[in-house]
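Subject: Model handover

Hi,

Here is the structure for you to look through. My notes on what turned up follow it.

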Amino acid sequence: MSNRSKVFITRPIPDEIVAELRETCDVEMWHTSAVSAPTAEKIGPLDGLMTYGHELITDEMMAAAPDLKVIANVGVGYDHIDAEAARARGIEVGNTPGVLSDATADMTFALLLAAARNVVPGNRLVQAGDWQYYDPNILWGQDVHGSTLGIVGMGRIGHAVAKRALGFDMKVLYNKRTRRPDWEAELGIEYAELDDLLARSDFVTLHPPMSDETRHLIGTRELGLMKSRAVLVNIARGGVVDHDALYEAMRVGKITAVALDVTEPEPIPADHPLLTLDNVLVVPHLGSATVQTRTKMVQMARDNLLAGLNGRPLPYSVFQ
Ligand code: DGY
């Protein structure tokens, strides 16, 4: 009987990493063969699973996999994996923290600037052939420099966003379950309760992990507290914002603009009401999507996978 580990990878990863894994494992990869997305049946015979597309991994699926030793997620957020069930079953779960903070903070600023300065409507206008003469009275946006930024969920990504904001001479407020006096001293940022932060900020960026506590953290009441000129950026998880409340707020122009890297559900259906509004910018979950960062994330996931298969502690375990 073969002692090679059986591994399933849910999305294509670079060829050289697949080749490396194939030296010791039998590897199947979704989207490069007729293999389908994870199901209990698919996971059943596996020793290792690499998730790369937020595929739901439930306790029921793990129950069907007596040999499963490790789930290596490519990404820092792992709310799509029932990690507590995995722990109870002795299955290791790894993620890729830290490596994507800067790329995600860059994207936060790309969205913030694009929404503040009408980058997408401007491009749309030009592409439609509607730029007939220089009109100084169209597409006025909001100053980013010198404004106040409120960061909700101040972890590694929030910290990287704050550093960028200082380069734009922004005043930075943050909200987090546990205060970070060290970061307040390092960056000159100010802690604020959520309602206070929402009321005082010109820009609000969302970065909390998805949990029962953060589900619909931003709803009608919270949007009602924001300034009418405010811009909201969600780059955390779609479920952090109540999309029905958001649609209604954006429809009546309650705040100036919203930029979403993440939606609920994902992908957002093409006929979703939010997509009919000019003050709503949506991109398809691109937060960490750069060549350099995604490559490093896959390398970290490979390290987690191989460690778990070989009974070694994961270098990046979610249980640490
Ligand atoms: C993350 O790292 O959690 C991103 O959403 C990409 O998966």
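Where is M210 found? M210 sits in the loop between β9 (203-206) and α10 (220-225). Helices (H or I, at least four residues) and strands (E, at least two) are DSSP runs, numbered from the N terminus.

Before the rest, two notes on the source. This is a predicted model, in which local features need pLDDT of at least 70 and side-chain atom pairs count only at pLDDT 80 or more, while totals for chains, interfaces and linings use all residues. Residues are numbered from 1 along each chain as its sequence is written, and side-chain values use heavy atoms, with hydrogens and water left out.

Back to M210. Leaving aside neighbours within four places in sequence, M210 is in contact (heavy atoms within 4.5 Å) with D79, R215, R237, G239 and V240. M210 and Y78 are 132 residues apart in sequence, yet 8.7 Å apart in space, C-alpha to C-alpha.

R237 also turns up at the ligand. The residues around the ligand are H54, V74, G75, V76, G77, L100, R237 and H285; each has a heavy atom within 4 Å of the ligand.

Next, helix packing. Two packed helices are described by the angle between their axes and the distance between the axes. Axes are lines fitted to C-alpha atoms, for helices over the stretch in contact, and angles run from 0 to 180 degrees between N-to-C directions.

Helix α5 (residues 101-116) and helix α7 (residues 156-167) have axes that come within 8 Å and cross at roughly 55°. That makes α5 oblique to α7. Angles under 35 degrees count as roughly parallel, over 145 as roughly antiparallel, 65 to 115 as roughly perpendicular and the rest as oblique. From α5, S101, D102, T104, A105, D106, T108 and F109 meet R156, I157, A160, V161, R164 and A165 of α7. These residues divide into six nonpolar, three polar and four charged.

Helix α1 (residues 15-22) packs with helix α12 (residues 291-309) at about 10°, with axes 11 Å apart. So α1 is roughly parallel to α12. I17, E20 and L21 of α1 make the contact with V298, Q299, R302, L305 and L306 of α12.

Best wishes

Notes. Ala, Val, Leu, Ile, Met, Phe, Trp, Tyr, Cys and Pro count as nonpolar, Asp, Glu, Lys and Arg as charged, and the others, Gly among them, as polar.
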